[in-house]
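Keep the sequence and the model at hand while reading.

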Amino acid sequence: MNQNYTNCSNREKCLALYRDSLRSKEMDHDGTHFDQQIPHVFVILGASGDLARKKIYPTLWWLYRDNLLPTNTIFYGYARSKTVIKEIRLKCHQYMKVKDEEEERYEEFWKLNFYYAGSYDSRTDFEKFNQELSHHERNPFGNRIFYLALPPSVFESCTVHIKNACMAPKGWTRIIIEKPFGKDSASSQKLSDHLASLFTEQQIYRIDHYLGKEMVQNLMTLRFGNRIFNPCWNRDNIASVQVSFKEPFGTQGRGGYFDEFGIIRDIMQNHLLQILTLAAMEKPTSCLPDDIRNEKVKVLRCIQEVDLNDVVLGQYVGNPEGEGEAKLSYLDDPTVPEGSLTATYAMAVLRINNERWDGVPFILKCGKALNERKAEVRIQFRDVPGDIFDGKPKRNELVIRVQPGEALYVKMMVKTPGMAFDMEETELDLTYSSRYENVKLPDAYERLILDVFCGSQMHFVRSDELSEAWRIFTPLLHKIEQERIVPVPYK
Ligand SMILES: NC(=O)c1ccc[n+]([C@@H]2O[C@H](COP(=O)([O-])OP(=O)(O)OC[C@H]3O[C@@H](n4cnc5c(N)ncnc54)[C@H](OP(=O)(O)O)[C@@H]3O)[C@@H](O)[C@H]2O)c1
């Protein structure tokens, strides 16, 4: 299918193209595909929680509003709270972005929503829940998706009960889980073994929402669909690769969870490492999900464990001259334990020991309470050999901006316009908002949830990838904790 999104003259045309592509042959994955007519139940476990309210319900509403879900989909919330769907609706409302003209559709969406109050460790509750689900499944076919929007402490009991009491009797069952996937190699392996004892890898969807972002998904096309980049994508031409993430705010009173994990576990070991992997892997034999994931695992296996000498850790402190929240330190957050040494900023150099990348530093940087919101990949090329311009040329850089404002630009030298024979640095700029002016780019969660409906695991983390990611970071994390490494304060 050759769809030209550049010519999308409005949002509706764009959505029609998305609907077509969901049903296209390219979305068939190892025998699974988008079952437009088959009934689906989408279950949100932890429906009363923060993630459900801020992300999952809004995403489901947007997908429903845009007619992107299979026709007969209903939504079930499950949690311990004795609440009703009306209350959940109220709590979600501020995140749903409903326009006046969408009110009718919005009502329809909530009519398809139900709630069941039950505990996470009672088989009886799950059995009763299963009966309730069955009442809605009169059709000879029916698929179920379970989204675990729950604290990890209840993952195990919940998944056991899903397996024993709630598997779809007339179709497939898929389980979506959210990070943290453990805290180190051992705890992650324990969780992986537990899940593997209940479900096949094809049933498990580990979300890393960075893999749902447009520019992260673009890395493959950019590298393997362009002759100009691929031949120079190696140690002979590239001096360094930087992957960075910056957030302009601190923990905002929600530091309790963060303090247990820290910035390396929260951002670097998963989101940044996933981006690095896509930037560094070899060309897969095809675009099939497992061919891609095989290459990701291969490159991860070439990465040495991170050495503490290659790491900088920081913790933000209040800036007396700053405004509002900027005046507050990480330690001023009342939910953060007194004297915590948890890093809110980290920079680490990773080295890939293979023929393509030997000697090229991959620099990962991430932090909270920084000057701006930004996530990008920066490929810095080497100096031009045999320079004839008295050292004036600056190194080329290819920048892939993931957020905000998706963009791709190459920093390059040109002759300064006019009579003078001088040079200056400029950019070949592909900013998506101008090039694809009317194109609606799906949000990461929208894409990933649709992928689950389609059965595409391309943008989800496989257990062997996860285990390699923990191998790379676990010795460092243990050392930081055991030696109580003090982070550098930064404003
Ligand atoms: N919030 C985010 O933006 C975000 C982002 C990325 C990943 N995640 C991950 O997504 C999952 C859910 O996050 P969340 O922020 O939505 O969590 P949450 O609000 O703390 O918890 C979700 C629900 O789980 C139940 N719950 C809370 N603590 C519990 C406990 N100790 N024992 C049993 N049940 C408990 C509560 O429902 P009931 O009391 O009604 O049962 C709560 O409404 C977590 O694994 C988190 O790490 C969250």
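## Ligand contacts

A backbone N or O atom of Leu51 sits 2.7 Å from an oxygen atom of the ligand. The model is predicted. Leu150 also brings a backbone N or O atom to a ligand oxygen, at 2.8 Å. For Lys179, a polar backbone atom is 3.1 Å from an oxygen atom of the ligand. The protein covers 71% of the 880 Å² of accessible area that the ligand has on its own.

## A surface patch and a buried serine

Ile388, Phe389 and Phe421 make a nonpolar surface patch of about 390 Å². Phe421 is placed in the loop between β13 (407-415) and β14 (423-431). Is Phe421 buried or exposed? Phe421 has a relative accessible area of 71%, so it counts as exposed, the cut-off being over 50%.

Ser188 belongs to helix α7 (residues 185-198). Its relative accessibility is 4%, so Ser188 counts as buried; the limit for that class is under 20%. The side chain of Ser188 reaches the backbone oxygen of Phe181 at 3.2 Å.

## Salt bridges within helices

The count of salt bridges comes to 32.

| Pair | Closest N and O atoms |
|---|---|
| Asp50 and Arg53 | 3.8 Å |
| Glu108 and Arg105 | 3.0 Å |
| Glu127 and Arg123 | 2.9 Å |

Asp50 and Arg53 both lie in helix α2 (residues 50-65), 3 residues apart, or about one turn of the helix. Asp50 is partly exposed, at 28% relative accessibility.

Helix α4 (residues 103-111) holds both Glu108 and Arg105. They are 3 residues apart, about one turn of the helix. Glu108 has 31% relative accessibility and counts as partly exposed. Arg105 is partly exposed too, with a relative accessible area of 21%.

Glu127 and Arg123 share helix α5 (residues 123-135). Their spacing is 4 residues, about one turn of the helix. Glu127 is partly exposed, with a relative accessible area of 34%. Arg123, at 39% relative accessibility, counts as partly exposed.

Elsewhere, salt bridges that share partners join Lys246, Glu372, Lys374, Glu376, Arg378 and Glu397 into one network.

Definitions and conventions: Residues numbered from 1 in each chain as written. Predicted model: local features only at pLDDT ≥ 70, side-chain atom pairs only at ≥ 80, totals over all residues. Heavy atoms only, no water. Polar contact = N/O pair within 3.5 Å; in protein donor to acceptor, adjacent residues only side chain to side chain. Areas by Shrake-Rupley, 256 points an atom, 1.4 Å probe, with all protein chains shown as cover. Patch = residues over 30% accessible without salt bridge, like charges linked within 9 Å, V, L, I, M, F, W, Y side chains within 5 Å. Salt bridge = Lys/Arg side-chain N within 4 Å of Asp/Glu carboxyl O. Helix = DSSP H or I, 4+ residues; strand = E, 2+ residues; numbered from the N terminus. Buried < 20%, exposed > 50% of the residue type's maximum accessible area, 1.4 Å probe, protein only.
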